[in-house]
Amino acid sequence: MDIWSSLLESASISKSTTSRTLLLLGGSPTTQKSFIQQIVSSAGSGLYSIKGRPSQIANDFALGYTYLDVFDKDQEDVILRLNIYTLSSIYDPYARLIVDLWERDEVTFESLLVTILLDWEEPRRWVRDLAQHIRFLNKLALKHLDHDVFASGLRKCSQRYRQLSNISFTEPLNLPNRPAEIEIPLGKGEYDAPLGVELLVAVLNSERIEVLERQFGRRDDEFDFIQQFLRTVLLKHGAAIIYLSSDSKSLFPFLFYLISPSLLSEHSRTILMEASKNIQPNVVDRDALLIPSGWDSWSKILLIKEGFDVDGVSSGWSTDVLSNEGDMEGIIEVYEDVVHAFGGPPAGGIYREMAHPEVEIRTTSDREFLKSQLADLNSIEVS
């Protein structure tokens, strides 16, 4: 009987499916579905195939879920299951849903890749949205996580960052099995604010860059500023960045690259070698920006354009967003002052006569609106 138990246990282990978890934040339920569909469409064919039902995800309220299975080329074995959780709104009570999910299964947290969606339809909102999501993770979700679970996740996340930072893209990709014994010191402003989770920022609809340039007169220095600002603040968290057009084929290879340090099977290494052809760092093509985790630095950011205040932006992010006393508005105003009305015509040139003073409308959440209505109703005397 003991022999059979041993055989069954070993068979179960050998057939167990490696899984990773993707938490998708930001965007709308529609754009989240489009992003998940793009993962499938960018997988290509050959060494692997993807199956799933991203169009049927129920993500209109609170925490949504779907999954994608990556099969080998013969479509016989699942070599990876990608569990995808979605959250388009970041109300405070939703943090408890995520914490419960992570604490229910420690492996879920340790295998986590958080992806924040931004959109070229509203580049002026990028830093505000990004700051709100980082605070949501840092101040609400991660703060309430069990200390031991968080400490283990932080340690493994730091190890994976070191693995990725040791990869050279000037030669065939060779993923190390473990961090280098001699660790190269991190650069200034690099990974000095680890969240304990791996982070990817995906910016959708990059084809709109051409529209902003040709129809609305946006200039190169404005696009450069946006890229430098985004890269500077995300470098602090060791995050990866990708700009995606609707027909981009780099999403799945890039995701697979980011999660690969924990996938050490022969299948995963073969797929990774194939995927690496589409994940070369790219800072030249404005609509196809691709920054792998562990690759960026202040010196590379300054190569885009000299004079950008990387030190000021980095320290401002720490003071205004990451500290308990910060109100976020300082660093957000620095960004928005430059990217003012970026979605429409500029204030000068041939558009001067068309331009109108911008009326900024700040929306409130449903919860805040209902709370104010309740206060008004309570103030009315019932006769």
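1. Starting with Thr17: leaving aside neighbours within four places in sequence, its contacts (heavy atoms within 4.5 Å) are Val78, Leu80 and Arg81. The C-alpha atoms of Thr17 and Ile79 are separated by 6.2 Å, though the two residues are 62 apart along the chain. Thr17 is in the loop between α1 (2-15) and β1 (19-25). Helices (H or I, at least four residues) and strands (E, at least two) are DSSP runs, numbered from the N terminus.

2. Before going on, a caveat: this is a predicted model, where local features need pLDDT of at least 70 and side-chain atom pairs count only at pLDDT 80 or more, while totals for chains, interfaces and linings use all residues. Numbering runs from 1 along each chain as its sequence is written, and side-chain values use heavy atoms, with hydrogens and water left out.

3. On to α2 (residues 29-41) and α9 (residues 251-259): their axes, lines fitted to C-alpha atoms over the stretch in contact, come within 7 Å and cross at roughly 90 degrees. The pair is therefore roughly perpendicular, a label for angles of 65 to 115 degrees. Phe35, Gln38 and Ile39 of α2 meet Leu251, Phe252 and Leu255 of α9 in this contact.

4. Helix α5 (residues 126-141) has 16 residues and spans 21 Å from first C-alpha to last, close to the expected 22 Å, which is 1.5 Å times one less than its number of residues. Its buried residues include Trp126, Arg128, Asp129 and His133.

Notes: Buried means under 20% relative accessible area, exposed over 50%, partly exposed in between (1.4 Å probe, protein chains only). Axes are lines fitted to C-alpha atoms, for helices over the stretch in contact, and angles run from 0 to 180 degrees between N-to-C directions. Angles under 35 degrees count as roughly parallel, over 145 as roughly antiparallel, 65 to 115 as roughly perpendicular and the rest as oblique.
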